[in-house]
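Reader: Could you take me through this structure? I would like to start with how the strands pair.

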Amino acid sequence: MNEKIEKLKKQYHDILIPDELDDVVAQALSSHPRKKKFYIWPSAIAAAAAIIFITTVNVSPGAANAMAKIPVLGKVVEVITFDELKQEEKHSRIDVKTPSISGLENKGLQTSLNEKYIKENEKLYEQFKKEMKTLEKGEKGNVAVSSGYNIMTDTDDLLVVHRYVEESRASTSSVNQYDTIDKKHEVLVTLPSLFKDKRYIKVISENIKQQMKDQMKHEEGKIYWLTEEDMDPFKEIAENQSFYITKDHKLRIVFDKYKVAPGYMGNIEFEIPTDVISNFLVGKRYIH
């Protein structure tokens, strides 16, 4: 496994794009279609990418960058599966998918995000191996680890990559992370960067508390930890609370399982009305 990870890293950093790529693309675009099966890239780059054979799930970010440089198509920023690892031992299993962002001209941002995704899944696998050794020594228990990603938003302006980890041992837990990328300015958007100052923490927290109360009043089965009688009542969001921006330019605040409600409620999301936070926003580029 370690050898596989190292090969993936080497492929990521050292992939070479053939010098003749431009000629091949030009020839493919000018030729008549033939009845052959190809694995093709989605939507906008389908015409050019039809000439590239993808033989495994380990798709090179370097190849994606080359496609982004084809003038007729313009820049394409997208997310593909860099690697998928599945392993099962006795009654335990791990299944992790590693995303890779391609097409950004800001190579520092692109590389830092992709290396972060690789390291996160490396850590998950190393932890899984340690637990398997413990179980081999006679300890009882099952371990299930699942990690993957979703694209929450993909517009001309924004790309939001949602990464999740679900782990099951004696109980289950989940962790969600969101990377919001400004595709035009090629910067990472954080929650604090959206607002003029830290007043957003209190404003958003109060709105969420009201939404919790309304839901518990009108929806059967909804329970949130709000009162002092609860073990760990919700008081306010963190400065860097998990969030994402929808394709409709709305702010959504996210809580992992067990953070503000019983486990059966799962992961929790609250959409914050724009009129509640409009006076505190730096601008209306992302949220309006």
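Author: Strand E8 (residues 251-255) pairs with E9 in the antiparallel sense, over five bridges. Two strands pair here if DSSP finds at least two bridges between them. Helices (H or I, at least four residues) and strands (E, at least two) are DSSP runs, numbered from the N terminus. This is a predicted model, in which local features need pLDDT of at least 70 and side-chain atom pairs count only at pLDDT 80 or more, while totals for chains, interfaces and linings use all residues. Residues are numbered from 1 along each chain as its sequence is written, and side-chain values use heavy atoms, with hydrogens and water left out.

Reader: Which residue in E9 stands opposite Ile 253?

Author: Ile 253 faces Phe 270 in E9. Phe 255 has Ile 268 as its bridge partner in E9.

Reader: Let us turn to charges. How many salt bridges are there?

Author: A search of the whole structure finds 17. A salt bridge is a side-chain nitrogen of Lys or Arg within 4 Å of a carboxyl oxygen of Asp or Glu. One of them joins Lys 183 to Asp 154, with the closest N and O atoms 2.8 Å apart. That pair links distant parts of the chain, 29 residues apart: Lys 183 is in the loop between strand E5 (172-182) and strand E6 (187-189), and Asp 154 is in strand E3 (residues 144-154).

Reader: Is Lys 183 buried or exposed?

Author: Lys 183 has a relative accessible area of 13%, so this residue counts as buried. Asp 154, at 48%, is partly exposed.

Reader: And what does Lys 184 do?

Author: Lys 184 meets Asp 157 in a salt bridge (3.2 Å, N to O). Asp 157 lies in the loop between E3 and strand E4 (158-168) and Lys 184 in the loop between E5 and E6, so the pair ties together parts that are 27 residues apart in sequence. Lys 184 is exposed, with a relative accessible area of 55%. Not counting residues up to four places away in sequence, Lys 184 touches Asp 156, Asp 157 and Arg 285. Lys 184 and Leu 158, 26 residues apart in sequence, are 8.0 Å apart in space, C-alpha to C-alpha.

Reader: Which residue forms a salt bridge with Lys 198?

Author: Glu 239 does, the closest N and O atoms being 3.6 Å apart. Here too distant parts of the chain are linked, 41 residues apart: Lys 198 is in the loop between E6 and helix H6 (199-218), and Glu 239 is in the loop between H6 and strand E7 (243-245). Lys 198 is exposed at 55% relative accessible area, while Glu 239 is partly exposed at 34%. Elsewhere, salt bridges that share partners join Lys 116, Glu 120, Arg 163 and Asp 179 into one network.

Reader: Which residues form the nonpolar patch on the surface?

Author: Met 216, Ile 223 and Tyr 264 form it, with about 290 Å² of accessible area together. Patches are made of residues with over 30% relative accessible area and no salt bridge; like charges are joined within 9 Å, nonpolar side chains (Val, Leu, Ile, Met, Phe, Trp, Tyr) within 5 Å. Accessible areas come from the Shrake-Rupley method with a 1.4 Å probe, and for residues only the protein chains shown count as cover. Tyr 264 lies in the loop between E8 and E9 and is exposed, at 56% relative accessibility.

Note on methods: Buried means under 20% relative accessible area, exposed over 50%, partly exposed in between (1.4 Å probe, protein chains only). Contact means heavy atoms within 4.5 Å.
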